[in-house]
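Please read the following walk through a single protein chain alongside its sequence and coordinates.

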Amino acid sequence: MRKQRCEMSDRFNLYGFRGGNLDEVERLISDTLGVEFASRESSFKGGAYFSHRGSDRFEVTIERNFTDDEGILSEPEFPLHSTLIFLSYATSEVERLLNALGEIDPLRSEVIQ
């Protein structure tokens with residue numbers, strides 16, 4: 001990831017993408033933030049997903065808003081967003097870059113306790 005001197009936030013952010021597939025969203029976020037993602041697999045996360053963890057607690061994952069065995073979406077409050085971007089401990093610059101993307105929607109932000 002590019003070196004940044006911005007203050008790190010003890011916040012969790014959730015963004016959503018309405019269309020496309022995981023590979024397209026991974027390329028968009030990778031290009032925007034200058035990070036590399038690892039492809040991962042987890043039944044808990046609905047199958048394939050992408051993950052990046054920085055050396056300073058910064059973490060971002062890109063996952064499907066999948067329907068579980070009981071027919072419930074992983075993020076049921078956001079049924080229009082097929083892809084979810086989970087962001088933890090990001091710098092204010094990372095948040096600014098993601099918020100500037102017109103293709104993703106900020107969905108939720110919480111302070112990490």
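This is a predicted model: local features need pLDDT of at least 70, side-chain atom pairs count only at pLDDT 80 or more; totals for chains, interfaces and linings use all residues.

Residues are numbered from 1 along each chain as its sequence is written, and side-chain values use heavy atoms, with hydrogens and water left out.

The chain has an average pLDDT of 88, and 90% of its residues score at least 70; pLDDT is the predictor's confidence in each residue, from 0 to 100. Helices (H or I, at least four residues) and strands (E, at least two) are DSSP runs, numbered from the N terminus. Of these elements, helix α2 (residues 92–100) has the lowest confidence, with a mean of 90, and strand β4 (residues 59–64) the highest, at 96. Over residues 1–6 pLDDT stays under 50, and the model has 16 contacts for this stretch beyond four places in sequence. Contact here means heavy atoms within 4.5 Å.

An open sheet is formed by 6 strands in the order β2-β3-β4-β5-β1-β6, with antiparallel pairing. The edges are held by β2 (38–42) and β6, each with a single partner strand, so one side of each has no neighbour in the sheet. Direction ignored, neighbouring strands of this sheet are turned by 20° against each other on average. Two strands count as paired if DSSP finds at least two bridges between them. Between β1 and β5 there are 6 bridges in the antiparallel sense, and Leu-14 stands opposite Phe-86 in β5.

Helix α1 (residues 22–33) has 12 residues and spans 16 Å from its first C-alpha to its last, close to the 16 Å expected at 1.5 Å a residue; the expected span is 1.5 Å times one less than the number of residues. Just after α1, Gly-34 takes a positive phi of about 70°. Among the buried residues of α1 are Leu-22, Val-25, Leu-28, Ile-29 and Leu-33, where buried means under 20% relative accessible area, exposed over 50% and partly exposed in between (1.4 Å probe, protein chains only). The buried residues of this helix pack against β1 (11–17), β3 (47–53), β4, β5 (83–88), α2 and β6 (104–111).

Axes are lines fitted to C-alpha atoms, for helices over the stretch in contact, and angles run from 0 to 180 degrees between N-to-C directions.

Tyr-15 lies in β1 and is buried, at a relative accessible area of 2%. Not counting residues up to four places away in sequence, Tyr-15 touches residues that include Leu-84, Leu-98, Asn-99 and Leu-107. The side chains of Tyr-15 and Asn-99 make a polar contact at 3.3 Å. A polar contact is a pair of N or O atoms within 3.5 Å; within protein, one must be able to donate a hydrogen and the other to accept it, and residues adjacent in sequence count only if both atoms are side-chain atoms.

Glu-63 is placed in strand β4 and counts as buried, at 8% relative accessibility. Its side chain makes a polar contact with that of Thr-61 (3.0 Å). Beyond four places in sequence, Glu-63 has contacts including Leu-22, Tyr-49 and Phe-86.
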